[in-house]
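Thank you all for coming.

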Amino acid sequence: MESNFVYTQPVEIHFGRGQFAHLAEILAARGLGRGVIVCGRHFAPKAQELVEANIGVCAVFSDIREEPQLSGVAEAARLAGAHGADCVIGIGGGSAMDTAKFAAAIALEQEDALAYFNGERPFPAAHLPILAVPTTSGTGSEVTQVSVISHGSTKRTINNPVFMPSVAIVDPDLSDTVPARIVMCTGLDALAHALEGYWSRNHQPISDLMAVEAVGIIWENLERAYRHPDDREAHANMAYAAMLGGLSFALPKTAGCHACSYPLCEHFHISHGEACAFTLDSFVRINADERLEKLCRKAGIGDTERLARRIGEWKEMAGLRTRLSQLGDTAPEQLARESAVHPLMNNNPVAMDEAALTKMFEVLR
Ligand code: NAD
């Protein structure tokens with residue numbers, strides 16, 4: 001073993017079908033009895049039932065949109081304050097979990113959320129514990145200290161220990177209902193997390209192991225889950241792989257593909273998963289080296305070109321956009337300029353300056 005590293009993973013993970021039914025016990029074991037649920041709209045009726053069942057949940061905030069806004073964070077924090085909540089339970093895709101994480105961080109102080117968003121005020125030391133319950137198989141937000149929130153058209157990825165969940169409940173029963181196109185978008189996001197954690201300049205051995213495992217599981221299960229809504233095994237495997245994807249990038253962070261996703265989302269208002277997928281096959285080719293070939297062999301893929309080709313086929317299969325001309329008329333040079341200055345671009349193993357990124361976006365025109 002050549003490398004020195006520090007590895008931490010503080011989240012208590014409950015994984016498996018039926019685990020969500022243990023929410024009451026998990027809350028009680030921690031002395032929690034006044035949780036506020038922050039969830040996507042699809043989960044709102046079930047969340048209301050939980051309030052009525054008197055299991056330690058007192059209120060529900062379900063006004064969550066894709067690309068969640070700071071105004072939703074502020075409202076959820078106010079609701080938690082008004083109810084004297086002792087924890088925030090985020091149930092949904094990344095949009096709901098990230099809103100819950102930010103709301104939990106500021107609920108006890110109730111200061112202007114914008115000051116935290118802009119970095120003008122440090123997050124309070126005292127914050128509510130977070131329980132994170134994913135209902136998509138993609139972001140891995142349940143195991144990261146990241147919250148991605150927008151204010152108007154400014155989208156920020158804020159990385160802060162206050163956002164680390166105490167508990168993650170990953171119950172594939174909750175993600176069985178995800179529509180096929182979202183299965184593909186979120187699955188490609190999970191694949192991007194595992195690949196970028198692996199090829200990040202800050203990669204480290206334990207994260208690498210999880211990345212290889214995640215990529216292998218996604219290779220075997222993403223198309224199955226996309227094609228077969230009732231393939232419970234494939235959906236459960238994707239829920240597991242998405243969580244592993246989160247663990248793969250939690251410490252090394254992501255790289256070029258995620259750096260490019262920000263301008264793509266801001267200009268074209270596409271989902272995070274579709275934006276990451278847009279350049280993922282390009283970055284597989286750009287970053288192909290002996291290490292990546294090794295991952296492809298270990299994950300049962302064969303080689304990097306096969307991986308890149310399959311990503312392209314999956315995007316076509318699910319109707320995701322693969323050309324800039326399908327998205328809008330922003331010039332490759334502008335996307336390149338904005339991607340080049342994103343801090344995550346520094347993590348890419350191959351240095352990508354504006355000229356190299358312009359060349360990449362030109363090919364995708
Ligand atoms: P999402 O949370 O926006 O959900 C997508 C859609 O799927 C929504 O309409 C939602 O209501 C619906 N949905 C969710 N679960 C469902 C279910 N079980 N059945 C039916 N419909 C369901 O999408 P996402 O891809 O999970 O999250 C994207 C967000 O997460 C973006 O804002 C992205 O930037 C962020 N993100 C965060 C992290 C992190 O570490 N915090 C990592 C990656 C991405």
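This is a predicted model: local features need pLDDT of at least 70, side-chain atom pairs count only at pLDDT 80 or more; totals for chains, interfaces and linings use all residues.

Let me begin with a polar contact, that is, a pair of N or O atoms within 3.5 Å, where within protein one must be able to donate a hydrogen and the other to accept it, and residues adjacent in sequence count only if both atoms are side-chain atoms. An N or O atom in the side chain of threonine 144 is 2.9 Å from an oxygen atom of the ligand. For threonine 136, a polar side-chain atom lies 2.7 Å from a ligand oxygen atom, and for histidine 272 the corresponding distance to an oxygen atom of the ligand is 3.4 Å. On its own the ligand has 870 Å² of accessible area, of which the protein covers 88%; such areas come from the Shrake-Rupley method with a 1.4 Å probe, and for residues only the protein chains shown count as cover.

Residues are numbered from 1 along each chain as its sequence is written, and side-chain values use heavy atoms, with hydrogens and water left out.

The ligand is surrounded by 25 residues, the closest being Glu66, Ser95, Thr135, Thr136 and Thr177, where a residue counts as near if one of its heavy atoms lies within 4 Å. By type, the shell divides into eight nonpolar, 13 polar and four charged residues; here Ala, Val, Leu, Ile, Met, Phe, Trp, Tyr, Cys and Pro count as nonpolar, Asp, Glu, Lys and Arg as charged, and the others, Gly among them, as polar. At least two shell residues come from each of α4 (94–106), β6 (146–151) and α6 (180–199), and α6 gives the largest share, four residues. Helices (H or I, at least four residues) and strands (E, at least two) are DSSP runs, numbered from the N terminus.

Turning to the strands, which pair if DSSP finds at least two bridges between them, β2 (residues 35–39) runs parallel to β3, joined by four bridges, and isoleucine 37 stands opposite valine 60 of β3. From β2 the chain crosses through helix α2 (residues 44–52) to β3 in a right-handed β-α-β crossover, meaning that, with the strands pointing away from the viewer, the path from the first strand over the helix to the second runs clockwise.

β2 also pairs with β4 in the parallel sense, over five bridges, with glycine 35 and cysteine 87 as bridge partners. β4 pairs in turn with β5 (residues 130–134), again parallel and over five bridges, and there isoleucine 91 faces valine 133.

How many of the residues of strand β4 are buried? Six of the six in β4 (residues 87–92) are, buried meaning under 20% relative accessible area, exposed over 50%, and partly exposed in between (1.4 Å probe, protein chains only). Cys87, Ile89 and Ile91 point one way from β4, and Val88, Gly90 and Gly92 the other.

Finally, the loops. Glutamine 110, between α4 and α5 (113–117), has a positive phi near 55 degrees and is partly exposed at 36% relative accessible area. Histidine 269, between α9 (256–268) and α10 (272–286), likewise has a positive phi, of about 55 degrees, and is exposed at 66%.
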